[in-house]
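Q: I would like to learn how to read aromatic pairs and nonpolar cores in a model such as this one. Could you take me through them step by step?

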Amino acid sequence: MKKISWRKAALIAAVVPMVALSACSSTGGKTETVNGGGGGTVADTPRLKVAMITHAAAGDTFWDIVRKGAESAATKDNVELLYSGDAEGGRQAQLVQQAIDQKVDGILITLAKPEALKDVVKKAVDAGIPVVSFNAGEDQSKAMGAITHFGQSDKLAGVTVGQRLAAEGIKHPICVIQEQGHVGHENRCAGVKEQVPGSEILNVNGADMTSVSSTVTAKLQSTPDADAIIGLGAPFTLTIVKSVKETGSKVKVASFDLNGELAKAIEDGSVAFTVDQQPYLQGYGAVDTIWLNKVGGFKVGGGQQVYTGPAVVDKSNAADVSKFAQAGIR
């Protein structure tokens, strides 16, 4: 693999996320190592070891895209990426402690359950390990000591969905939360309700798609005045679509996040639209931020959140986005 100077690489690293801004699998607690490799160029900076620790739940393809972005940046930046995840906050905290004990050069973490993580994140910061949060916990990130946060404002994303539904005359949408206690999911549904006061929340067990289907089906059958239903992630929305078809309901289906199958569902009209937070960019930018901090003391975003969304995908642009979604980077 060809080596490039860190100054040139830093310029590339800074430009790529900005261009992207303008324009899942869970390991179940097991840490997996990505050593990089392949073609292209790699920075000539010292080898770094960076831990990425998510709240990924099994079966959510969203995290495959996050990881792909992180691995691309790790390969370019000469980073050994240690990837792990657990949906339970206490076990995620244990993974952070393991990373501290390994004396990693940086920690990338999702803060879906900030109360469970605040003490161990403080330990990392006190140990001099730079922490970058991404995807979830934007409101808690700075106070917990992260140097920046990559992601969308979940409240703003919810407001975006609510505004769109309100403009279409929707009065009683159902917002389906697949992970109770997840601050980002709660903020999304709160944003919808801010714009459409008649909205309500339906909690489902996102770890069991059969249960998701049966719970949604029962809700649709018992709520004849519902006129829209919103999934908070692509796999869950696709399951909701099946329930809608099976019940013969006329509700409009909307979503958050994206994958290749959901892009096709938007193209064929099964789903009206989604709000994409561009997870590839979150993974890529988080790794790059640690590398830039270590090689030059740079603080991407000046200590403020770096937004990766919301980006609305509907029938007008689904075909253009779909080719990237099919490639697993949207």
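**Rings and cores**

A: In this predicted model, the count comes to two aromatic pairs, taking ring centres within 6.5 Å as the rule.

Q: Are phenylalanine 62 and tryptophan 63 buried or exposed?

A: Phenylalanine 62 and tryptophan 63 are both buried. Tyrosine 280 and tyrosine 284 have ring centres 6.3 Å apart and planes at 20°, so this pair is stacked, the angle being under 30 degrees.

Q: Where do tyrosine 280 and tyrosine 284 lie?

A: Both belong to helix α10 (residues 279–296), where they are four residues apart, about one turn of the helix. Tyrosine 280, at 21% relative accessibility, counts as partly exposed, whereas tyrosine 284, at 9%, counts as buried.

Q: Which residues have the most contacts inside the largest nonpolar core?

A: The general idea is that in soluble globular proteins nonpolar side chains tend to be buried together. Here the largest nonpolar core has 27 residues, and those with the most contacts inside it are Met52, Trp63, Leu108, Val132, Phe134 and Val287. Among the elements that give two or more residues to this core are β4 (48–54), α2 (62–77) and α10, and α10 gives the most, with seven residues.

Q: What does methionine 52 touch?

A: Leaving aside residues up to four places away in sequence, methionine 52 touches several residues, including Val66, Leu81, Leu108, Phe134 and Gly283. A second, separate core of 26 residues includes Val176, Val204, Ala234 and Ala318.

Methods
Residues numbered from 1 in each chain as written. Predicted model: local features only at pLDDT ≥ 70, side-chain atom pairs only at ≥ 80, totals over all residues. Heavy atoms only, no water. Phe/Tyr/Trp six-rings, centres within 6.5 Å; stacked < 30°, edge-to-face > 60°. Buried < 20%, exposed > 50% of the residue type's maximum accessible area, 1.4 Å probe, protein only. Core = buried A, V, L, I, M, F, W, Y, C linked by side-chain atoms within 4.5 Å. Contact = heavy atoms within 4.5 Å.
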